[in-house]
Every structure is written in structure tokens, then in C-alpha cells.
Amino acid sequence: MRREDLIAPQIYNIAEEVEKYAQGPRKVALIWEDKEGKHREVTYQELMKNANRTGNVFLKSGLKKGDIILVMVPRIVEAYEVYLAALKCGIVILPSSEMLRTKDLDYRVQAGDVKGVVSHYSCAGQFKNVRGIEALKKFVIGKPEPGWTFLDEAKETASDQLETAKTSKDDMAFLSYTSGTTGNPKGVVHSHGWGYSHLRTAAPNWLGIREDDRVWATAAPGWQKWVWSPFLSVLGSGAAGFVYNGRFDPEKYLSLLDEYKINVLCCTPTEYRLMAKVDDLSHYHLEHLRSAVSAGEPLNREVIEVFKKHFGIKIRDGYGQTENTLLIGISIDMDLRPGSMGKPFPGNQVEIINEDGEPCKPGEVGDIAVHKDTPALFKYYYKEPERTAQQYRGDYYITGDRARKDEDGYYWFEGRRDDIIISSGYTIGPFEVEDALVKHPYVKECAVVASPHEIRGNIVKAFVVLKEGISEDMPGLVKELQNHVKQLTAPYKYPRAIEFIKELPKTASGKIRRVELRRQELDRM
Ligand code: ATP
Ligand code: MG
């Protein structure tokens with residue numbers, strides 16, 4: 001894949017990528033199930049007809065090309081309809097997770113110049129105290145709500161024909177907010193052309209989707225990962241997407257993989273980690289699973305080994321950000337090196353650079369950076385030119401993550417810039433230590449941070465969540481965990497302090513917030 005192959009035609013609308021599969025009446029787009037076992041199947045044709053109806057309701061309300069709407073809909077078929085409808089009309093989507101609360105919504109509505117809101121009825125109450133809500137166009141799904149247009153009803157009488165807006169490849173399609181792992185979420189502007197290059201990078205090379213596949217990408221709408229995988233990559237490949245609208249439960253997930261004969265799976269590292277810790281994996285077969293990928297956080301070796309041993313499947317890592325696309329990963333036909341996140345995907349100009357903006361030598365740790373001409377790089381942070389500029393060093397956008405390359409070009413993740421620990425002059429990435437700790441059978445999850453220390457500057461401190469049934473009072477436990485790490489990493493990296501906790505602080509999307517633990521350590525001083 002060359003860079004040119006990732007550049008969209010000048011007039012381009014990402015919804016076309018899905019609509020082209022809606023020619024015949026039978027091609028299945030979505031297979032949906034909820035926690036009560038309710039089941040639904042939707043063809044591409046039905047999906048597009050409902051998207052067209054929804055789009056007509058939007059246009060009739062006065063919304064127009066270029067307007068921004070906030071969409072807060074859980075894992076239901078209507079989420080796909082609403083996204084396709086808006087894109088087809090050239091309306092920009094601000095994706096919002098159902099977990100957001102009034103203050104988060106208020107922040108997005110004000111900062112994002114939002115003109116309209118689409119909400120599931122279960123979330124509509126969160127908008128009551130959002131400033132300026134009365135002036136917005138409001139659409140509710142699932143149940144009527146006073147003051148809101150009931151989309152289910154309005155769409156019934158709307159036409160199922162809708163012309164696609166003549167969007168340019170550079171027109172804004174999504175205003176996506178980052179996860180807020182390190183601070184306030186940032187509004188990232190992505191164009192229709194971004195979607196073009198994302199689809200051509202992630203779907204064939206990383207997910208390895210074929211048109212007749214059944215794909216389960218577990219991300220929920222509202223996160224950029226939903227746009228990446230279940231939405232664009234699955235429907236843009238003409239495959240059938242499986243959607244489970246229920247809470248995460250490792251045993252349930254493993255059963256569904258068998259029951260629905262899933263071929264391609266995309267999960268978070270936490271989901272994989274908890275599945276790998278299920279006691280008796282021999283109940284599950286995962287016979288149909290051909291491709292399994294992970295993204296969003298570092299993937300631990302332990303998980304890779306367990307899945308390989310029990311199911312003969314290799315879980316492949318992928319790295320990217322809301323600001324770009326899948327930048328680095330193990331592609332479907334590449335050899336895996338457990339612990340490495342892979343190599344840059346062709347067409348994306350990714351490098352590890354030093355403080356002077358020069359590429360680092362193999363073995364040297366530097367910043368993961370993306371050349372400004374990479375088609376899948378975001379345009380800018382919405383209305384924040386200074387913040388955007390700060391993120392550049394010469395021609396490179398700086399991701400804020402640190403890594404090193406080996407002699408063969410494989411990338412090894414060190415950690416987020418802010419999470420790196422400097423202890424007695426040594427630079428230590430938290431990931432390697434965490435990776436070693438979770439290998440221990442007593443450890444369920446852990447996070448490693450810098451803890452201030454009078455002599456050493458900082459020491460490595462691990463917060464550990466123990467597996468059910470393991471008591472933190474077990475004699476010699478701390479020593480055992482420390483020795484375990486010393487055997488797997490350079491001994492100076494071992495956690496000099498270990499604290500047991502019941503739960504790790506996480507973002508709503510489940511990412512570990514080391515920043516909170518770090519702050520807690522500073523406050524203790
Ligand atoms: P914020 O920018 O608001 O603090 P965030 O960076 O977590 O939040 P996202 O854009 O959702 O928001 O996540 C991208 C980040 O997730 C990357 O910069 C990186 O730190 C981490 N990440 C993603 N994939 C991987 C991976 N495969 N291995 C290690 N880290 C990863
Ligand atoms: Mg970020």
C-alpha cells in the first residue's frame with residue numbers, strides 16, 4: 001500500500017462505502033443480540049433504507065450539511081442508521097458514549113458548536129441541564145420524550161430515498177473526543193478522506209476482514225474505536241457485524257464466540273486479559289475464529305500465550321489514537337513477537353524521533369511520531385490552533401507515546417510520555433513491569449507508576465488487584481511478586497513498593513488512569 005492509495009477522490013462521502021453493499025435484498029449487515037437473548041438480523045438494504053429515512057427526518061428539521069450533531073446511542077441497530085444518515089447528509093457526527101454525564105455533554109455541546117442531539121431515551125435525562133439545549137434540534141430513540149422528535153415514529157413516514165451530499169474529501173465528518181486518559185478530552189477533527197484511508201489500512205491488513213466473515217468488534221458507539229472497527233471496517237468491507245448489547249462478562253463473551261461462529265474478533269486488552277484468566281477454558285473452542293486483534297492499551301504477553309495454547313489463535317496488537325488511525329500493528333500475515341506492537345502500516349509515515357526531530361537508532365527510545373502528510377492524520381483539534389501547533393515538532397505530529405525499534409523494525413511500547421518513570425537515573429517504562437506482574441498467577445490486573453522518593457528521585461510502585469480468592473495477607477506475597485518481576489525484567493525495574501487495591505482507576509472506556517495513581521503518590525509526600 002502506497003501513500004497515494006490512501007488518498008480519497010476529491011468528491012467523496014464515506015457512506016458510499018457501505019451503501020455499495022445494499023444492492024441485493026439478502027446481504028446481512030448486522031446480527032444483534034441483547035442480554036435478555038433478544039435477537040435481530042438486518043440486511044444492508046434495510047439498514048440503508050432506514051438510514052435514508054433518518055436522513056430525511058434530519059433535513060426536514062432544518063439541519064444541513066456542515067452542522068454538527070451529538071449522537072448518544074448504545075449498541076443498537078439505530079446507532080448505525082443514525083451515523084450513516086448524518087454522513088450521507090454531510091452532517092458532522094460528534095460521537096458520545098452512553099456513559100457520559102451532564103457535565104461531559106455540556107462541555108461537548110459548548111465546545112463543539114452542536115446544532116442537534118440524537119439520544120437514546122435512556123440517556124435523554126442527562127441533557128436537561130445542558131446549557132442552550134432548548135435551542136437545539138432534538139431526536140430521541142426507543143421511547144417518546146416531551147420536547148423531542150420521536151425518531152422511530154418520524155422515520156416511518158419519511159422517504160427511503162436520499163441523495164448523498166457532495167462532500168469533499170476534506171470536509172469534516174467526525175468531531176471525535178479523545179478518551180481523556182491524561183486530562184480533558186480533546187476534540188479531534190476527521191474528514192471523509194480520513195475514513196477512506198482508515199478503512200483501507202485497518203480492515204484488510206489488520207483485522208483481515210473478508211466479505212463473508214462474521215466480525216465481532218466489541219467497542220461501544222461513542223468511542224473512536226467504534227467508528228474504526230464495528231462501523232467503518234465491518235460495514236465498509238461488506239461483512240456481517242455481530243453486536244452484543246450487554247455487559248462484559250468473560251464467560252459470556254467466550255460462549256458467544258462459539259455460538260455465533262465468529263471469524264474475526266476485535267477486543268480491548270482488558271477484555272482479553274479477563275477472558276484469559278477464566279478458570280476452565282476447555283469449555284470453549286473458538287473453532288471459527290481466524291483473526292483476533294487488540295488495541296487501545298498495551299497487550300500483555302500472558303494473554304497471547306494463553307490464547308495460543310488453548311485456541312491456537314494469535315492475538316495481534318494494534319496501536320493508534322483518536323487523532324489518526326491504526327499506525328502500528330501486527331498485520332494478518334506477519335510474524336508476531338510477543339510484547340512488540342508490530343510495525344508501521346504501509347502508507348502511514350510513522351517514525352520514532354528524538355528531541356531534535358531526527359529518527360532514532362534501533363534500541364534508542366524516542367517519541368512515536370507521524371509525518372504531517374499522512375492521509376489518516378487528523379486535521380486539527382477543533383478551535384484549538386495553539387494546542388494543535390504544540391503537538392508538532394518540525395514536520396512530525398508527536399503522539400505523546402514513547403517506544404523503541406529493534407534491528408528488524410519491530411516497535412516496542414515504553415509508555416505514555418507522562419507515565420515514564422525516572423528512578424536513580426534509570427528510565428523505566430511502566431508497561432514492561434506490568435507485563436511481568438500480570439504473568440503471575442495471583443495477579444488479576446496492575447498499574448505501575450513513579451512514586452516520589454528522597455534519594456532515588458522516584459521508585460517504581462505497583463498497584464495490584466489480586467485474583468479472587470487470593471488474600472493480600474498471604475505471607476511473603478510482596479517478596480514473591482518482586483522476585484517474579486526481577487526474573488523477567490532487568491532487576492533494577494522491579495517494583496520497590498507494592499500496594500494492593502480492589503480496583504484500578506479507569507476511564508469510562510476502561511483505560512487505566514495512571515495519572516490518578518501518580519497524583520495520589522505525590523499528595524502523600
Ligand atoms: P487523552 O488523549 O484524552 O489523554 P487517550 O490518549 O487515551 O486520551 P485515545 O485516543 O482513545 O485517547 O487513545 C490513544 C492512546 O491509547 C495512545 O496514545 C496510547 O497511549 C494508547 N494505546 C492505543 N493502542 C495502544 C497499544 N496497542 N499499545 C499501547 N498503547 C496503546
Ligand atoms: Mg491521547
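The legends below describe close-up views of a predicted model.

**Figure 1. Salt-bridge network around aspartate 367.** The side chains of arginine 393 and aspartate 367 form a salt bridge with an N to O distance of 3.0 Å. Because arginine 393 belongs to strand S19 (residues 392-393) and aspartate 367 to strand S18 (residues 366-371), this pair ties together parts that are 26 residues apart in sequence. Aspartate 367 is buried, its relative accessible area being 0%. Arginine 393 also counts as buried, at 18% relative accessibility, because the limit for that class is under 20%. Aspartate 367 has a further salt-bridge partner in arginine 417, at 2.6 Å from N to O. This second pair links distant parts of the chain, 50 residues apart, since arginine 417 sits in the loop between strand S21 (411-416) and strand S22 (421-423) while aspartate 367 is in strand S18. Arginine 417 is partly exposed, with a relative accessible area of 36%. Through shared partners, salt bridges join Glu355, Asp367, Arg393, Arg402 and Arg417 into one network.

**Figure 2. Salt bridge between aspartate 67 and lysine 64.** The two side chains meet with an N to O distance of 3.5 Å. Aspartate 67 is buried, at a relative accessible area of 8%. A search of the whole structure finds 44 salt bridges. Side chains of opposite charge can pair when their charged atoms come close.

**Figure 3. Strand S6 and the strands paired with it.** Strand S5 (residues 116-120) runs parallel to S6 and is joined to it by 5 bridges. Within this pairing, glycine 116 stands opposite lysine 137 of S6. Strand S7 (residues 149-150) is likewise parallel to S6, with 2 bridges between them. Here phenylalanine 139 faces threonine 149 of S7 as its opposite residue. In a regular strand the side chains alternate between the two faces of the sheet.

**Figure 4. Helix H10 and its packing partners.** Helix H10 covers residues 269-276 and is mostly covered, with 8 of its 8 residues buried. The buried residues are Pro269, Thr270, Glu271, Tyr272, Arg273, Leu274, Met275 and Ala276. Among the elements against which they pack are two helices, H9 (250-259) and H11 (301-311). Strands in contact with these buried residues include S12 (264-267), S13 (291-295), S14 (315-320) and S24 (443-453).

Figure 5. Lysine 383 is exposed, with a relative accessible area of 56%. At 39% relative accessibility, serine 424 counts as partly exposed.

**Figure 6. Domains assigned to the chain.** The assignment gives domain 1 (41-167) and domain 2 (420-524). The C-alpha centres of domain 1 and domain 2 are 43 Å apart.

How values were computed: Residues are numbered from 1 along each chain as its sequence is written. Chains are lettered from A and ligands numbered from 1 in the order in which they are written. This is a predicted model: local features need pLDDT of at least 70, side-chain atom pairs count only at pLDDT 80 or more; totals for chains, interfaces and linings use all residues. Side-chain values use heavy atoms; hydrogens and water are left out. A salt bridge is a side-chain nitrogen of Lys or Arg within 4 Å of a carboxyl oxygen of Asp or Glu. Buried means under 20% relative accessible area, exposed over 50%, partly exposed in between (1.4 Å probe, protein chains only). Helices (H or I, at least four residues) and strands (E, at least two) are DSSP runs, numbered from the N terminus. Two strands pair if DSSP finds at least two bridges between them. Contact means heavy atoms within 4.5 Å. Domain bounds come from an automatic or database domain assignment.
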